[in-house]
Amino acid sequence: MSEVKKICVAGDHAGFELKGIITEYLKEKGYEVCDCGALEYDKEDDYPVFATKMAKSIAGGECPKGVLFCGTGVGASIAANRIKGVRAALCFTPEMGTLSRAHNDSNILVLGSRTTTAETSKAILDAWLAGPFEGGRHERRVKMLDA
């Protein structure tokens, strides 16, 4: 029996449409998706609310990884990285997705809906999901981040 792959998604109004596209893509890939919001489009949504909810879920071990969305990805990255144990990486290319996993053991991928197309987002996500953490010399650095 294969293990269920679980992943969280979250985003504000600016990332709402891309979150929906990526959620369906993850489901097609066999992931159980936990949606930390927003659950409906509302221009008054605040990215820190959803980023923090997801980050706490990741840090608390409820979900191993997450994909976070906002307009540029910058605000959501800042909010998520305030939670101890979270290593949220804003990525614009598949190579950045791979390296954020390999070198930083990122546990949240952040995508900007105004800066990254859906197709590029899927390519980044695929690279990020496939990328293992290399450990070794990077392990020391990740421990410093989490300290």
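This is a guided tour of the structure above, one selection at a time.

**Before you start**

The model is predicted, so local features need pLDDT of at least 70 and side-chain atom pairs count only at pLDDT 80 or more, while totals for chains, interfaces and linings use all residues. Residues are numbered from 1 along each chain as its sequence is written, and side-chain values use heavy atoms, with hydrogens and water left out.

**Stop 1: the sheet**

Switch to a cartoon view and find the five strands of an open sheet, in the order β2-β1-β3-β5-β4 with parallel pairing. At the edges are β2 (31-35) and β4, each of which pairs on one side only. On average, neighbouring strands of this sheet are turned by 25° against each other, direction ignored. Strands here are DSSP runs of E with at least two residues, helices are runs of H or I with at least four, and both are numbered from the N terminus. Two strands pair if DSSP finds at least two bridges between them. As a reminder, strands of a sheet pair through backbone hydrogen bonds, either parallel or antiparallel.

**Stop 2: strand β1 and its partners**

Select β1 (5-11). How many of the seven residues of β1 are buried? Five are, so the strand is mostly covered; buried means under 20% relative accessible area, exposed over 50%, and partly exposed in between (1.4 Å probe, protein chains only).

Show Val9 and look for Asp35, its bridge partner in β2. To get from β1 to β2, the chain passes through helix α1 (residues 16-28), and this β-α-β crossover is right-handed. Right-handed means that, with the strands pointing away from the viewer, the path from the first strand over the helix to the second runs clockwise.

Keep Val9 on screen and turn to β3, where Val67 stands opposite Val9. β1 and β3 run parallel and are joined by four bridges. Another pair to show is Cys8 with its bridge partner Gly66 in β3.

**Stop 3: strand β3**

Select β3 (66-70). Five of its five residues are buried. Colour the side chains by direction: Gly66, Leu68 and Cys70 point one way, and Val67 and Phe69 the other way.

**Stop 4: strands β5 and β4**

Next, select β5 (residues 108-112). β5 pairs with β3 in the parallel sense over five bridges, and Ile108 in β5 is opposite Gly66. With β4, strand β5 pairs in the parallel sense over three bridges. Here you can show Leu90 and its bridge partner in β5, Val110. Helix α5 packs on the sheet, touching β1, β2, β3 and β5, and its direction makes about 170° with that of β5. Axes are lines fitted to C-alpha atoms, for helices over the stretch in contact, and angles run from 0 to 180 degrees between N-to-C directions.

**Stop 5: a lysine over a ring**

The charged end of Lys65 sits over the ring of Trp128, 5.4 Å from its centre. For this, NZ of Lys or CZ of Arg must be within 6 Å of the ring centre and within 35 degrees of the ring normal.

**Stop 6**

Select α4 (residues 94-104), where Gly97, Ser100, Arg101 and Ala102 are buried. Their cover includes β4 (88-90), α5 (118-130) and α6 (137-146); contact means heavy atoms within 4.5 Å.

Step on to Asp105, in the loop between α4 and β5. Its phi is near 50°, a positive value in a residue other than glycine. Is Asp105 buried or exposed? Asp105 counts as buried because its relative accessibility is 18%.

**Stop 7**

Select Val142 in helix α6. Val142 is buried, at 5% relative accessibility. Leaving aside neighbours within four places in sequence, Val142 is in contact with Arg87, His103, Asn104, Asp105 and Phe133.

Finish at Pro132, in the loop between α5 and α6. Pro132 counts as exposed because its relative accessibility is 57%. Which residues does Pro132 touch, not counting those up to four places away in sequence? They are Arg101 and Ala102. Draw a distance between the C-alpha atoms of Pro132 and Arg101: they are 31 residues apart along the chain and separated by 6.0 Å.
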